[in-house]
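Q: I am new to this structure and would like a close look at one part of it, the sheet. Please walk me through how it is built and what surrounds it.

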Amino acid sequence: MSKKRVQKAAPPAPEAVAITEAEWDIMELLWEKAPRTSQEIVSLLEEGRGWKRATVVTLLARLTAKGALTTEPQGNRFLYSPAVERSACVAEETRSFLGRLFGGALQPLVAHVAEHHSLSKKDIAELKALLDQIKPNS
């Protein structure tokens, strides 16, 4: 009696994943161009960030475990690709940032920017135009 190998279906990719600052560096490389091998990623981050291979491999493993990356075997190596869209991760990071620093409210963020940063007339006009385009949720 021959045994048939049953291949498990990959779990569905999450819409967004909370990723660390260091993980963003890897994701940016993969959003720019995918798939890439770990060797390619290590090489780029050794040059650009001075990171060691072990650091990059650890981060790749974490991102894969979180569901942010997919892997595809190719010979004796893996090809890595993003499993989440950059825009979804930006949205998640924005929600997290607003929640941590401003209790989830947008108005205190805008007030902080207006108070602590020099906004030009052009900046203000662009913000007003943006607000005019936004349709309320309720």
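**The sheet and its surroundings**

A: Start in strand E3, where Leu 79 is the bridge partner of Glu 72. Leu 79 is also the bridge partner of Thr 37.

In general, strands of a sheet pair through backbone hydrogen bonds, either parallel or antiparallel.

Take the E1 side. E1 pairs with strand E3, residues 77-82, over two bridges. The sense is antiparallel. Thr 37 has Leu 79 as its bridge partner in E3. Arg 36 stands opposite Tyr 80 in E3.

Now the E2 side. Six bridges join E2 to E3, and these strands run antiparallel. Glu 72 is bridged to Leu 79 of E3. E2 and E3 also form a hairpin, with two residues between them. In the turn, Gly 75 has a positive phi of about 65°.

Look next at a residue within E3. Ser 81 is found in this strand. Is Ser 81 buried or exposed? Ser 81 has a relative accessible area of 18%, so it is buried. Leaving out residues up to four places away in sequence, Ser 81 touches Ala 34, Pro 35, Ala 68, Leu 69 and Thr 70.

Another serine brings a helix into view. Ser 38 lies in helix H2, residues 38-49. Ser 38 is buried too, with a relative accessible area of 19%. Beyond residues up to four places away in sequence, Ser 38 touches Arg 53, Leu 60, Phe 78 and Tyr 80. Tyr 80 is the E3 residue that stands opposite Arg 36.

The axes of H1 and helix H3, residues 53-66, come within 10 Å. They cross at roughly 85°. That makes H1 roughly perpendicular to H3. On the H1 side, the residues that meet H3 are Ala 22, Glu 23, Ile 26 and Met 27. On the H3 side they are Val 56, Leu 59, Leu 60, Arg 62, Leu 63 and Lys 66.

The axes of helix H4, residues 86-102, and H5 come within 9 Å and cross at roughly 80°. H4 and H5 are therefore roughly perpendicular to each other. H4 contributes Phe 97, Leu 98 and Phe 102 to the contact. H5 contributes Leu 106, Pro 108, Leu 109 and His 112.

The model has two aromatic pairs. One of them joins Phe 97 and Phe 102 and is edge-to-face. The ring centres are 6.0 Å apart, and the planes stand at 65°. Phe 97 counts as partly exposed, at 31% relative accessibility. Phe 102 is buried, with a relative accessible area of 18%.

Step back to the whole chain. The protein chain has six helices and three strands. From the N terminus on, the elements run α-β-α-α-β-β-α-α-α. Buried residues make up 23% of the 138 residues. Of the contacts with a separation of 6 or more, 55% are between residues 24 or more positions apart.

Finally, confidence. The chain averages a pLDDT of 89, and 90% of the residues score at least 70. Among the elements, confidence is highest in E1, at 98. It is lowest in helix H5, residues 106-116, at a mean of 90. Over residues 2-10 the pLDDT is below 50. Beyond near neighbours in sequence, that stretch has zero contacts in the model. Where pLDDT is low, the predicted coordinates should not be read in detail.

Note on methods: Residues numbered from 1 in each chain as written. Predicted model: local features only at pLDDT ≥ 70, side-chain atom pairs only at ≥ 80, totals over all residues. Heavy atoms only, no water. Pairing = 2+ DSSP bridges. Helix = DSSP H or I, 4+ residues; strand = E, 2+ residues; numbered from the N terminus. Phe/Tyr/Trp six-rings, centres within 6.5 Å; stacked < 30°, edge-to-face > 60°. Buried < 20%, exposed > 50% of the residue type's maximum accessible area, 1.4 Å probe, protein only. Contact = heavy atoms within 4.5 Å. pLDDT = per-residue confidence, 0-100. Axes fitted to C-alpha atoms, helices over the stretch in contact; angles between N-to-C directions. Parallel < 35°, antiparallel > 145°, perpendicular 65-115°, else oblique.
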